[in-house]
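Biologist: Before we discuss anything in detail, could you put the sequence and the coordinates on the screen?

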Amino acid sequence: MQDTPFLDQVESSDSEAPAPRVKRLHVRTYGCQMNVYDSERMSEAMGADGYELTDDIADADMVVLNTCHIREKAAEKVYSDLGRIRKLKEERTSQGKETRIAVAGCVAQAEGAEIIRRAPVVDLVVGPQSYHRLPELMARSRAENRQIVDTEFPEDDKFSALPERKPMRGAIRSRTAFLTVQEGCDKFCTFCVVPYTRGVEFSRPVAAILEEAKKLASAGVREITLLGQNVNAYHGDALDGGTASLADLLNRLSDIDGLERLRYTTSHPRDMTDDLIAVHRDNSKVMPYLHLPFQAGSDGILAAMNRKHTGAEYREIVARIRNARPDLALSTDIIVGFPGETDADFEATLQMVRDVTYAQAYSFKYSSRPGTPASTMEGQIPEDVKVQRLADLQNLLNEQQLAFNASCVGRTMPVLFERPGKLNGQVIGRSPWLQSVLVESAVDRLGHICDVEITHGGPNSLIGQIVAP
Ligand code: SAH
Ligand code: SF4
Ligand code: F3S
């Protein structure tokens, strides 16, 4: 059983009388880390309303699908899942049990009432900027026996309206946590739905972030990953009334007792400022790992994507970061088959990967998204070409990932242990470079950072032995 910092905080009932059955909530999360964070906050909001989490969807009185619209496949998955959930609901209804269904997240924002038209089983559609109203909207849908769609971008800031962080019973607890500091995007890359689903760029004030981070640290969290669709464009209200950059925020957070490691994702190359690069050099709590998408290697495609940087500029930014922090490892996002991409353009993408070298990467076939400028561009690439390019690219990326992991063998590195392994006595942690590290340990290491000597580097993880303390 996983040790939990949060369980201690959950108040138990003192009542002697048999408690009524606690209502159960099942949350399914698609998409990015921000959705993981949003799912936690929605769960906590429902927790404050008397719900407990369950992994078993058949046992759930309420189901929330927290959806992603980034690629067609992700968006369509929601509808196939809703088909299965409809059958489950019918079964439960025949047993006299109620099941309420909410669709949240970016598909909710993008498609709104269309979701109810396609899947009438849905009771509530709630967008990423109004989910703090989830308990109230669900109660209203139930009381008035009607379907509700709320995809507003309300004035009341969801972060201040949400209950305080109090991760609920049944949540996957960990020594690492996500914390959203920035949301939305004003960059309008021509392939991307995020500016439409998440709205304009917005940064939370430093004070609110510090408060949330302190809560997490006092609940046992040792590592926080700051989240934002453009996290390095962060510019929130500072404590002294001015504006804080992400560098300022990281420096503030690193003063919190018990918080040992900081990360942030996702960054745009254009916003990799000198002060942020300096933090990687000067602040030892900021991990030597950076996710820096480049999307495509050719300048023509980068321009058509409206990425606002060239290949040479990206290389130059990487050189400056590695100069400041020589042991920094990079990961990235890459799209193949953007409209108009020629063999030579694709070769420039492969060349960028060969030149920069990545410890890890996410690569995707371009997916045409309704309403985005790229969806109507000429030169859409046939599926078989995209499939071949993706396979070639992933071969190269897999080689680099394995080479990076293999290069760790024989080295000793600090590992933060966060969950038990599959077998008795095994424990799994994270290296500074976000690799999963498996060790055997007779004592409970969860939440501790120990020096581990790496004995094996596989494609997706490392194996090692604890050497200290
Ligand atoms: N804000 C981040 C990216 C968020 S979306 C950034 O700018 O780096 C995550 C990744 O999904 C993107 O980096 C991109 O590689 C991929 N992506 C976005 N839209 C896509 C589309 N239409 N087709 C394929 N991949 C896409
Ligand atoms: Fe999408 Fe581009 Fe904004 Fe990233 S920077 S969220 S890819 S529009
Ligand atoms: Fe998907 Fe929305 Fe995140 S579209 S990637 S869930 S911001």
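Predicted model: local features only at pLDDT ≥ 70, side-chain atom pairs only at ≥ 80, totals over all residues.

Biologist: Which residue of β18 is the bridge partner of F417?

Modeller: Strand β17, residues 412-420, pairs with strand β18, residues 426-430, in the antiparallel sense over 4 bridges. For F417, the bridge partner in β18 is G429.

Biologist: Which residue in the turn of the hairpin formed by β18 and β19 has a positive phi?

Modeller: β18 and β19 pair in the antiparallel sense over 5 bridges, and Q426 has E440 as its bridge partner in β19. The hairpin that these two strands form has 5 residues between them, and the residue in the turn with a positive phi, about 70°, is L434.

Biologist: Which residues make up the covered face of β19?

Modeller: In a regular strand, side chains alternate between the two faces of the sheet. In β19, residues 436-440, the uncovered face holds S436, L438 and E440. The covered face of β19 consists of V437 and V439.

Biologist: Is S407 buried, partly exposed or exposed?

Modeller: S407 is found in the loop between α14, residues 383-406, and β17, and its C-alpha is 9.7 Å from that of I454, although the two are 47 residues apart in sequence. Because its relative accessible area is 43%, and the class in question lies between 20% and 50%, S407 counts as partly exposed.

Biologist: How many charged residues does the shell around ligand 3 have?

Modeller: Ligand 3 is surrounded by C32, N35, T67, C68, H69, I70, C106, R198 and Q229; of these, C106 counts as buried because its relative accessibility is 9%. By class, this shell has 4 nonpolar and 4 polar residues, and the number of charged residues is 1.

Biologist: And how many nonpolar residues does the shell around ligand 2 have?

Modeller: The residues surrounding ligand 2 include C185, K187, F188, C189, H268 and R307, and C189 is buried, with a relative accessible area of 9%. The shell around ligand 2 has 2 polar and 2 charged residues, and the number of nonpolar ones is 7.

Conventions. Residues numbered from 1 in each chain as written. Chains lettered and ligands numbered in written order. Heavy atoms only, no water. Near = heavy atom within 4 Å. Nonpolar A, V, L, I, M, F, W, Y, C, P; charged D, E, K, R; others polar. Pairing = 2+ DSSP bridges. Buried < 20%, exposed > 50% of the residue type's maximum accessible area, 1.4 Å probe, protein only.
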